[in-house]
Amino acid sequence: MSRPLSEVLHAPPRASLLPDFVDRRALLLEERHAALSPDEALVRREELRAAVADCLGIERLDRSEAFPRTVGRLERDGYGIEKLVFEAVPGLPVPALLYLPAGAGQFPAVVHPPGHWMENAKLEPDLQRTNVALARSGVAVLCYDTLGQGERRIGWHQHGQLATLLVGTTTLAVMVAESRRALDVLAARREVDPARLGIVGASGGGWSSIFATALDERVQAAAIVCIVNTHLGQIRAARGTGWDGHVCLCNQLPGLAALGSIGEIMALAAPRALLQVNAVDDPPFPIEGARRVAAEVGELYSAAWALDAFDYAEVAGGHGLRPEARARTVSWLTRRLGGELVPEREDEPLLAAPYETTHADDLDEGRPQTFVRPRARLEGECVDEQLDSNGPLVELARARAARLRGARPRATRETLAKALGPFPGPGPIGTIVENRIAIEGGFAERLSFASEEGVRIDAVLLLPGGFSDEAPPVVVLLDEGGKAEALASPEAERARALGCAVLGPDLRGTGESACAEFETATAAFMLDRDLLNQRVWDVLRAVECVWRRAVLGQQVDRGRIVVWGRGAFGLLALLAAALDERIAGAGTSAFASSLEELLVFDPPHTPMLYRYRLLERLDLADLVALAAPRPVLADGALAALLARLR
């Protein structure tokens, strides 16, 4: 008597499987970096600097030569504000406010990229107070609307663009390029001393400033506020916080955690002056992680004979440029760059901002977000219309993809494996059959197998009824919904009707191990093994599982193993077929014909698809060629594929 398939589909959920693996991998990388002595870290400084530039993709951005233009000036007591528009990347104008101290002469100056004050950006009151305090103290400030913020904002998703990754650059690279272009603007001003340039940033502005400082030696003093944490600490602090819905990729640089610790990256500034400020009550950036990084930076600065150039401060209050953090930052920059500190005025008049409250930390404390923009343009705004950063970013990615089409070298299996990153060693498969029942038309086995240390993959194998001397083909069917959705699909029904066995695996992070896909996939970007790498390995191990199937009873035909991917998991099927000759054929349903089709604004796909620089190395046609002469078909032609294997 047959029983329902549901009896072998469900077990206790294992939602921590993939996040736990990401944590373990991040810890392993952290331990590798910790094993380096300060002297060893000094030896590899230039190598690390080049690797940081590469993981940003900043050298792959087109550069604008457009001159900045002045669009207005505001006079204030003790300083003036010049309204500017400049450009670092073609098609991305940057509105900015230049705070100039009163008087004549060449002043020191700093670039100030805002953090995630998305709506107000350069007009955020605490940022304005910082800029005014510096200007009154004799330090000029160029504060600009970061990509997707202020006058460049149409939504949070502008910080979550995936398209650029496939062609080898990042949204953070644009932000860093704009800070470096802002340094150009300052250095060209007659009022500014180009030998006394600095940078200041809090939250996300501090994050981009770490990289601008590492790459640009014109920065003589850098103040990094309320952002510093270890790579592992950052991943753990974000876990389960809803980052999945925030669609922000500023922190998740490809491979960053594999390159070096954040302390080592910050210390690339040595012997130039560096200030790290962290708030003691800032849950997304726990003080314990900040202290660990500060200790490491101190050791590296000491090894570089520059310990006096590094300062660390802990301040009261929460996230951002709040009064104590602001006071420490302004005082330090003024001293390091050669200004003369003037106390902040409590009654300082500020430019009107469109929102009263914008930062997530303020919202968490119960202060509501209130829109107060008048109909007319605000005094501190520089352009007449809201600027779009999304369309130009996607167009830049498409233009680069078009240039790459004819420039890619021929893909080989070796270059493909290298492009995907390191795979673990092939340990024992360790298949365990946990249940076997009769179902309509055959049998169903619930089983699990070892993908790698700490990762066991659940799966269900459907076998046709009856026994014969001819073992059936087996279709490994991949679905984002895991085994339940794979085995309920039309492809599974068609394969069974043709007498095939069907294996539906829960690749890590799917089915019963499903978790926040965006959050976990983007955290994995930071590792040496991203989620595409991990899941391709799971597929190869699923093939190993059926290849080594040895039971008394019905076998499967090891010479006719097919891997079929539905939707986004079509890429996994094609990659596996290109890598493993035991796969007799592969195919996809409802997937793209080229990776260039993924270069869209606000993509609906899993971030897993957006392997960094993948389009530099190959496109889907290259995978088909690597699998040849084995057949690879698309558009749901599973029956045609199976017919070719008979």
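Leaving out neighbours within four places in sequence, A576 is in contact with V539, L540 and I583, where contact means heavy atoms within 4.5 Å. A576 is found in helix 22; helices (H or I, at least four residues) and strands (E, at least two) are DSSP runs numbered from the N terminus. At 0% relative accessibility, A576 counts as buried, the cut-offs being under 20% relative accessible area for buried, over 50% for exposed and in between for partly exposed (1.4 Å probe, protein chains only). A576 and L540 are separated by 36 residues in sequence, yet their C-alpha atoms are 6.3 Å apart.

The model is predicted, with local features requiring pLDDT of at least 70 and side-chain atom pairs counted only at pLDDT 80 or more, while totals for chains, interfaces and linings use all residues. Residues are numbered from 1 along each chain as its sequence is written, and side-chain values use heavy atoms, without hydrogens and water.

In soluble globular proteins, nonpolar side chains tend to be buried together. For L623, the contacts beyond four places in sequence are L416, L571, L574, L575, A578 and L618.

The axes of helix 22 (residues 570-579) and helix 24 (residues 620-627) come within 8 Å and cross at roughly 40 degrees; axes are lines fitted to C-alpha atoms, for helices over the stretch in contact, with angles from 0 to 180 degrees between N-to-C directions. That makes helix 22 oblique to helix 24, since angles under 35 degrees count as roughly parallel, over 145 as roughly antiparallel, 65 to 115 as roughly perpendicular and the rest as oblique. The contact is made by L571, L574, L575, A577 and A578 of helix 22 and by L620, L623, L626 and A627 of helix 24. These residues divide into nine nonpolar, no polar and no charged, with Ala, Val, Leu, Ile, Met, Phe, Trp, Tyr, Cys and Pro counted as nonpolar, Asp, Glu, Lys and Arg as charged, and the others, Gly among them, as polar.

Backbone geometry deserves a look too. Most residues other than glycine have a negative phi, and most peptide bonds are trans. The peptide bond from A628 to P629 is cis, with omega near 10 degrees, and P629 lies in the loop between helix 24 and strand 17 (632-633). The bond from A270 to P271 is also cis, with omega near 10 degrees; P271 sits in the loop between helix 12 (262-266) and strand 8 (273-279).

Positive phi values occur at A121, about 50 degrees, and at S203, near 55 degrees. A121 belongs to the loop between strand 4 (107-112) and helix 5 (125-136) and is buried, at a relative accessible area of 0%. S203, in the loop between strand 6 (192-202) and helix 8, is buried at 5%.
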